[in-house]
Amino acid sequence: MNPLHNIILPEPTLRRLPWYLAYVEILRGKKVRHVSSTRISRALSVDASQIAKDLSFLGVKGRTRIGYEVDALATALSDFLGFSHSHKAYVIGAGSLGLALIRDSGLSNYGLEIVAGFDVNHSIIGHREEGVEIMHIDRIYETMATNPAEIAILTVPAEVAQESADIAVGAGIKAIWNFTPYRVKVAEGVVMANTSIYAHLALIYTRLHTLGNDNL
């Protein structure tokens with residue numbers, strides 16, 4: 001195992017690393033060989049000294065007046081973030097959002113392989129989306145035995161979010177990626193991440209409203 005994977009990074013650093021990866025991947029596509037922290041800083045509006053500090057957690061060092069080797073930096077970032085390794089996941093809630101995630105082939109570029117979908121709506125149970133079978137939630141236990149996953153992606157209505165998370169964890173899921181507006185609780189040792197579309201939408205609306213008032 002890479003010893004760097006045992007490093008516990010500050011959360012702000014961890015949130016910035018994918019920004020760096022996205023940018024250096026763009027540079028790699030343009031055949032750029034080296035990049036400085038100053039260039040990354042100009043592109044992403046992050047202080048150059050902060051970038052150097054963030055990358056130092058990965059054991060990546062730039063060369064004076066040359067910077068970082070783009071290929072090596074992209075590989076180091078992808079490996080550290082887990083994007084270069086496959087992680088199997090289930091989607092729980094095969095509505096419009098759940099199906100959109102199943103259909104998003106781009107997720108595989110970041111190491112996420114959705115291998116099954118679950119729902120209680122009999123009109124979609126038994127269907128396949130991009131080769132992924134939609135099954136009744138009761139089958140999650142047998143599916144964990146035959147095609148296990150680490151991650152459950154919750155895209156269910158808020159009123160069944162906690163119940164769905166409990167079922168997933170009970171079946172052996174180790175991480176929950178929660179897209180619902182409800183803040184579910186999980187047992188200690190289960191990884192939890194919330195992606196609140198609604199909270200960010202509210203933030204946009206509020207700031208637009210404030211901006212509109214400032215222009216009056």
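Analyst: Two strands count as paired if DSSP finds at least two bridges between them. The model here is predicted, and in it Ala152 stands opposite Ile176 in E8.

User: How do E7 and E8 pair, parallel or antiparallel?

Analyst: Strands E7 and E8 run in the parallel sense, with four bridges between them. On the other pairing of interest, E3 and E7 are also parallel and are joined by four bridges. There Tyr90 has Ala152 in E7 as its bridge partner.

User: In what order do the strands of the sheet stand?

Analyst: The order is E5-E6-E4-E3-E7-E8-E9, an open sheet of seven strands with mixed pairing. E5 and strand E9 (191-194) each have a single partner strand, so one side of each has no neighbour in the sheet. Helix H7 (residues 161-171) packs on the sheet and touches E3, strand E7 (151-154) and strand E8 (175-178). The direction of H7 makes about 165 degrees with that of E7.

User: How many bridges join E3 to E4?

Analyst: Six bridges join strand E3 (residues 87-92) to strand E4 (residues 112-119), and the two run parallel. Lys88 is placed opposite Glu113 in E4.

User: Which residues of E7 lie on each of its faces?

Analyst: Ile151 and Ile153 are on one side, Ala152 and Leu154 on the other. All four are buried, and both faces of E7 are covered.

User: Is Glu129 buried or exposed?

Analyst: The cut-off for buried is under 20% relative accessible area. Glu129 has 19% relative accessibility and therefore counts as buried. Glu129 belongs to strand E5 (residues 128-129). Its side chain makes a polar contact of 3.0 Å with that of Arg103. Beyond neighbours within four places in sequence, Glu129 is in contact with Leu99, Ile102 and Arg103.

User: Which residues of H4 are buried?

Analyst: In H4 they are Val70, Leu73, Ala74, Leu77, Ser78, Phe80 and Leu81. Looking down the axis of H4, the buried residues fall within an arc of 170 degrees, so they line one face of the helix. Their cover includes helix H1 (11-29), strand E1 (34-35), helix H2 (37-44), helix H3 (48-56) and strand E2 (68-69).

User: How far does H4 reach from its first C-alpha to its last?

Analyst: Helix H4 (residues 70-81) has twelve residues and spans 16 Å, close to the 16 Å expected at 1.5 Å a residue. Gly82 follows H4, with a positive phi near 85 degrees.

Key
Residues numbered from 1 in each chain as written. Predicted model: local features only at pLDDT ≥ 70, side-chain atom pairs only at ≥ 80, totals over all residues. Heavy atoms only, no water. Expected span 1.5 Å × (residues − 1). Buried < 20%, exposed > 50% of the residue type's maximum accessible area, 1.4 Å probe, protein only. Arc of directions from axis to C-beta. Contact = heavy atoms within 4.5 Å. Polar contact = N/O pair within 3.5 Å; in protein donor to acceptor, adjacent residues only side chain to side chain. Axes fitted to C-alpha atoms, helices over the stretch in contact; angles between N-to-C directions.
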